[in-house]
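Please examine the sequence and structure shown below. The briefing that follows is arranged by topic.

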Amino acid sequence: MVSELTVIGCRAGSPGACGPSSGYLLEVDNRLLLVDCGPGVVASLAVRGVLSKLDAVIVSHAHADHCADLVALAYHRLFPKRLQPLPLFGPGSLAPVLEHMNQVFGIPSLQELRKPISTALPFTPLYPRSSCEIKGVAVTTLQMKHPVETLAIAFPQAGFTYTADGALTDELVEFASNTNVLLAEATYLDGAGRDLDGHGHMTAEQAGALAARARVSHLITTHFASCEERDAICERAAQVFQGTTLAAEPGLRIGLG
Ligand SMILES: [Zn+2]
Ligand SMILES: [Zn+2]
């Protein structure tokens with residue numbers, strides 16, 4: 001079985017000089033899953049020649065840096081040529097956001113674009129602490145500590161876990177255990193002046209500690225608030241974690257076992 005992760009975007013908030021906001025391509029057993037769809041992700045997928053090859057989309061939470069490009073993705077699926085509906089998964093709280101997108105960005109004068117999201121991207125909710133199969137790929141979830149309902153997602157077949165956004169907790173350590181590659185948010189270089197616990201993000205050191213406590217083999221830091229701090233964040237995480245540590249950047253590919 002071939003499993004591979006490709007980073008499409010690694011930026012928190014808006015896209016930046018270091019590429020799109022959150023977006024990751026996961027290939028498991030010839031299935032191509034897009035995990036998160038932040039601003040800039042759809043254009044990057046088009047440039048890479050894979051935009052029309054997706055089998056499913058999973059969105060971790062309803063913050064714009066993880067889901068705003070769903071509108072662009074829906075338009076792509078419907079105009080000028082209508083493609084097959086692409087199944088979309090995410091926390092239940094994403095559903096009203098999707099309906100707002102339908103209402104705001106629907107084009108009543110074009111039949112296929114009246115409700116672009118629900119037409120192109122039929123939605124199925126995922127629940128915290130649950131397991132399911134998406135196109136034959138096993139998925140398990142954990143509720144993160146973050147201001148909106150947010151799901152960390154593990155892919156046991158690929159030995160891969162993605163934290164999405166959220167604070168470091170004992171539950172997250174347990175959830176990330178038994179995986180080889182951990183893609184962990186490390187939004188900030190340090191916690192100075194940050195409400196890490198209240199708002200729910202990790203520093204570089206906390207991402208490293210998570211990887212160490214979960215005993216993973218590889219850590220990929222991501223979700224950088226500042227492009228300029230990307231390498232420094234990775235280096236600081238590596239001071240805490242003895243395994244292989246990489247900084248996410250668009251185009252980074254890593255084989256999963
Ligand atoms: Zn985010
Ligand atoms: Zn968030």
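**Histidine 61 and a zinc site**

Histidine 61 lies in the loop between β4 (56-58) and α2 (64-67); helices (H or I, at least four residues) and strands (E, at least two) are DSSP runs, numbered from the N terminus. The model is predicted: local features need pLDDT of at least 70, side-chain atom pairs count only at pLDDT 80 or more, and totals for chains, interfaces and linings use all residues. Residues are numbered from 1 along each chain as its sequence is written, chains are lettered from A and ligands numbered from 1 in the order in which they are written, and side-chain values use heavy atoms, leaving out hydrogens and water.

**Surroundings of histidine 61**

- Histidine 61 is buried, with a relative accessible area of 0%; buried means under 20% relative accessible area, exposed over 50%, and partly exposed in between (1.4 Å probe, protein chains only).
- The side chain of histidine 61 forms polar contacts with the side chains of serine 60, at 2.9 Å, and histidine 146, at 3.5 Å.
- A polar contact is a pair of N or O atoms within 3.5 Å; within protein, one must be able to donate a hydrogen and the other to accept it, and residues adjacent in sequence count only if both atoms are side-chain atoms.
- Beyond its neighbours within four places in sequence, histidine 61 is in contact with residues including Asp36, Pro91 and Val148, where contact means heavy atoms within 4.5 Å.

**The zinc ion (ligand 2)**

- His61 (NE2), His63 (ND1), His146 (NE2) and Asp165 (OD) coordinate the zinc ion (ligand 2) at 2.1 to 2.4 Å; donors are N, O and S atoms within 2.8 Å of the metal (3.2 Å for Na, K and Ca), and water is not among the atoms, so sites may look incomplete.
- Along the chain, the donors of the zinc ion (ligand 2) have the spacing H-x1-H-x82-H-x18-D.
- Aspartate 165 bridges the zinc ion (ligand 2) and the zinc ion (ligand 1), which lie 3.5 Å apart.
- Histidine 146 is in the loop between β8 (137-143) and β9 (151-155), and aspartate 165 is in the loop between β10 (160-162) and α6 (170-176), so the pair ties together parts that are 19 residues apart in sequence.
- Both histidine 146 and aspartate 165 are buried.

**Helix α4**

- Leu94, Leu98, Met101 and Asn102 of α4 are buried.
- These residues cover an arc of only 100 degrees around the axis, which puts them on the same side of α4; the arc is that of the directions from the helix axis to the C-beta atoms.
- His100, Gln103 and Val104 are exposed on the other side of α4.
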